[in-house]
Amino acid sequence: MAVSPSRFPVPNAFELLREQYAKRLPSHLEDLTGPMCGTVDLPLHVVWSGRTSYDVEQPRSRMGLYRTVLAEGQRQDLIDFLNRDLLIRQWPVLRTLISRPLRDAWEAAFGELASARSATAA
């Protein structure tokens, strides 16, 4: 039995996810004014189960915080909980721990992150 192609284009899941992530991005990395020290307690709409409190000064804890906020946070959460300098500093490792659509959305929008990735590859 032959299957005929659909007359309607089937959306690509990767592209749909990347577009969803892109809609939440801040206008500029400078908008990311989250803390550089102390403890961050995420609200339930960002993390609904598991760990909710993170120590920004501990690298592993901070990496978990950033992974969670990048994947689950809305635009204001990104602005409130992420810090531009910390994001750029840890991006070479962080980018390997997040989904490809998420990584592509951020790197396409912010050249500083693509540069941070390239700097470590050289």
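The legends below describe close-up views of a predicted model.

**Figure 1. Overview of the chain and its elements.** The chain holds 6 helices and 2 strands. Read from the N terminus, the order of the elements is α-β-β-α-α-α-α-α. Of the 122 residues in the chain, 39% are buried. Among contacts with a separation of 6 or more, 64% join residues 24 or more positions apart.

**Figure 2. The largest nonpolar core.** This core has 30 residues, and the members that touch the most other members are Leu42, Leu70, Leu87, Trp91 and Trp106. Two or more residues come from each of helix 2 (59-72), helix 3 (75-81), helix 4, helix 5 and helix 6 (111-121). Leucine 87 is in contact with Leu29, Leu32, Tyr66, Leu70, Leu94, Trp106 and Leu113, with residues up to four places away in sequence left out.

**Figure 3. Helix 4, its start and its buried residues.** A side-chain oxygen of asparagine 83 comes within 3.0 Å of the backbone nitrogen of aspartate 85 at the start of helix 4. The buried residues in this helix are Leu86, Leu87, Ile88, Gln90, Trp91 and Leu94.

Figure 4. Tryptophan 91 belongs to helix 4, which spans residues 84-94. Its relative accessible area is 0%, and because buried means under 20%, tryptophan 91 counts as buried. Beyond its neighbours within four places in sequence, tryptophan 91 touches Leu70, Ile98, Arg103, Trp106, Glu107, Leu113, Ala116 and Arg117. From tryptophan 91 to alanine 114 the C-alpha to C-alpha distance is 8.9 Å, across 23 residues of sequence.

Figure 5. Is arginine 95 buried or exposed? With a relative accessible area of 15%, arginine 95 is buried. Apart from neighbours within four places in sequence, the contacts of arginine 95 are Arg103, Glu107 and Arg117.

Figure 6. The whole structure contains 1 aromatic pair. It is formed by tryptophan 106 and phenylalanine 110, whose rings are tilted, with 5.5 Å from centre to centre and 45° between the planes. Both tryptophan 106 and phenylalanine 110 are buried. In a separate arrangement, arginine 100 lies over the face of phenylalanine 14, at 4.3 Å from the ring centre.

Figure 7. Glycine 38 sits in the loop that runs between helix 1 (13-24) and strand 1 (39-41). Its relative accessibility is 24%, so glycine 38 counts as partly exposed. Which residues does glycine 38 touch, not counting those up to four places away in sequence? The contacts of glycine 38 are Tyr54, Asp55, Val56 and Glu57. Tyrosine 54 is 16 residues from glycine 38 along the chain, and their C-alpha atoms are 8.4 Å apart.

Methods
Residues numbered from 1 in each chain as written. Predicted model: local features only at pLDDT ≥ 70, side-chain atom pairs only at ≥ 80, totals over all residues. Heavy atoms only, no water. Helix = DSSP H or I, 4+ residues; strand = E, 2+ residues; numbered from the N terminus. Buried < 20%, exposed > 50% of the residue type's maximum accessible area, 1.4 Å probe, protein only. Contact = heavy atoms within 4.5 Å. Phe/Tyr/Trp six-rings, centres within 6.5 Å; stacked < 30°, edge-to-face > 60°. Lys NZ or Arg CZ within 6 Å of the ring centre and 35° of its normal. Core = buried A, V, L, I, M, F, W, Y, C linked by side-chain atoms within 4.5 Å. Polar contact = N/O pair within 3.5 Å; in protein donor to acceptor, adjacent residues only side chain to side chain.
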